[in-house]
Amino acid sequence: ALSACKSDEQRFETWILSGRIACEDGDAAALKSSLREAGKYVSKEPSQRAELAGLSACALEAADKPFEAAKAYDAAADAYRVASRYRDMAKALARAGDAYAHASITLNASDRLYRAARSFSSQGDAVEALRVLERGMTAAERSGNEKMKDRMRVLFEQIEGGVEGGAGGSD
């Protein structure tokens, strides 16, 4: 399939896809190879930088480096934001939050999960917002940070009120 690729963009996308498959299959060697090869073809486009950062985060998670993975997901989220890919940004923020939680950095975890939930809610996806917010509330409880716990409760009430009122929530 790679030999049929005509452009660097196609080569990049092919290696990213190969890396995602390797990540899902737990094939560390193939993931490392795909990440290296994708890096050869990445452009300065924010979407491509985000895709590469997300794949890097997957490799770091597989290597049991949750803090480094969280930082890579943060980089992916920022690049998705620049590219105006807000759903992907919210997914990357949620993954960053989960990785920070795995690294026992609960305040960062609750912050990223809060931001992801707020983004999903503002996009009209109350169900995903509530799923993420539940994990965020757990992280906020573990952090002991009262301000973050309050922010989580307020967001939960806004989303819940939007669902009961027929809307998807608000930001």
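This is a predicted model: local features need pLDDT of at least 70, side-chain atom pairs count only at pLDDT 80 or more; totals for chains, interfaces and linings use all residues.
Helix α1 spans residues 8-25 and helix α2 spans residues 28-41; their axes come within 8 Å and cross at roughly 160°. Since angles over 145 degrees count as roughly antiparallel, α1 and α2 are therefore roughly antiparallel to each other. The crossing of α1 with α2 is left-handed. On the α1 side, the contact is formed by D8, R11, F12, W15, I16, S18, G19, A22 and C23, and on the α2 side by A30, L31, S34, E37, A38 and Y41. Nine of these residues are nonpolar, three are polar and three are charged.

A second pair is formed by helix α6 (residues 106-122) and helix α7 (residues 126-143), whose axes come within 8 Å and cross at roughly 160°. By the same cut-off of 145 degrees, α6 and α7 are therefore roughly antiparallel to each other. Their crossing is left-handed. Helix α6 contributes T106, L107, A109, S110, L113, A116, A117, F120 and S121 to the contact, while α7 contributes E128, A129, V132, L133, R135, G136, A139, A140, R142 and S143. The contact of α6 with α7 comprises 11 nonpolar, five polar and three charged residues.

The largest nonpolar core contains 36 residues, and Y80, V132, L133, M152, L155 and I159 have the most contacts inside it. Leaving aside residues up to four places away in sequence, L133 touches A117, M152, L155, F156 and I159. A second, separate core has nine residues, including W15, A22, L31 and L52. Of these, W15 and A22 in α1 and L31 in α2 also take part in the contact between the two helices.

Most residues other than glycine have a negative phi. D64 has a phi near 55° and is found in the loop between α3 (46-62) and α4 (66-82). Its relative accessibility is 55%, so D64 counts as exposed. S104, with a phi near 65°, lies in the loop between α5 (86-102) and α6. S104 is likewise exposed, with a relative accessible area of 60%.

Conventions:
Residues are numbered from 1 along each chain as its sequence is written. Side-chain values use heavy atoms; hydrogens and water are left out. Axes are lines fitted to C-alpha atoms, for helices over the stretch in contact, and angles run from 0 to 180 degrees between N-to-C directions. Helices (H or I, at least four residues) and strands (E, at least two) are DSSP runs, numbered from the N terminus. Angles under 35 degrees count as roughly parallel, over 145 as roughly antiparallel, 65 to 115 as roughly perpendicular and the rest as oblique. A crossing is left-handed if the near helix is turned anticlockwise from the far one by less than a right angle, and right-handed if clockwise. Contact means heavy atoms within 4.5 Å. Ala, Val, Leu, Ile, Met, Phe, Trp, Tyr, Cys and Pro count as nonpolar, Asp, Glu, Lys and Arg as charged, and the others, Gly among them, as polar. Buried means under 20% relative accessible area, exposed over 50%, partly exposed in between (1.4 Å probe, protein chains only). A nonpolar core is a set of buried Ala, Val, Leu, Ile, Met, Phe, Trp, Tyr and Cys residues joined through side-chain atoms within 4.5 Å.
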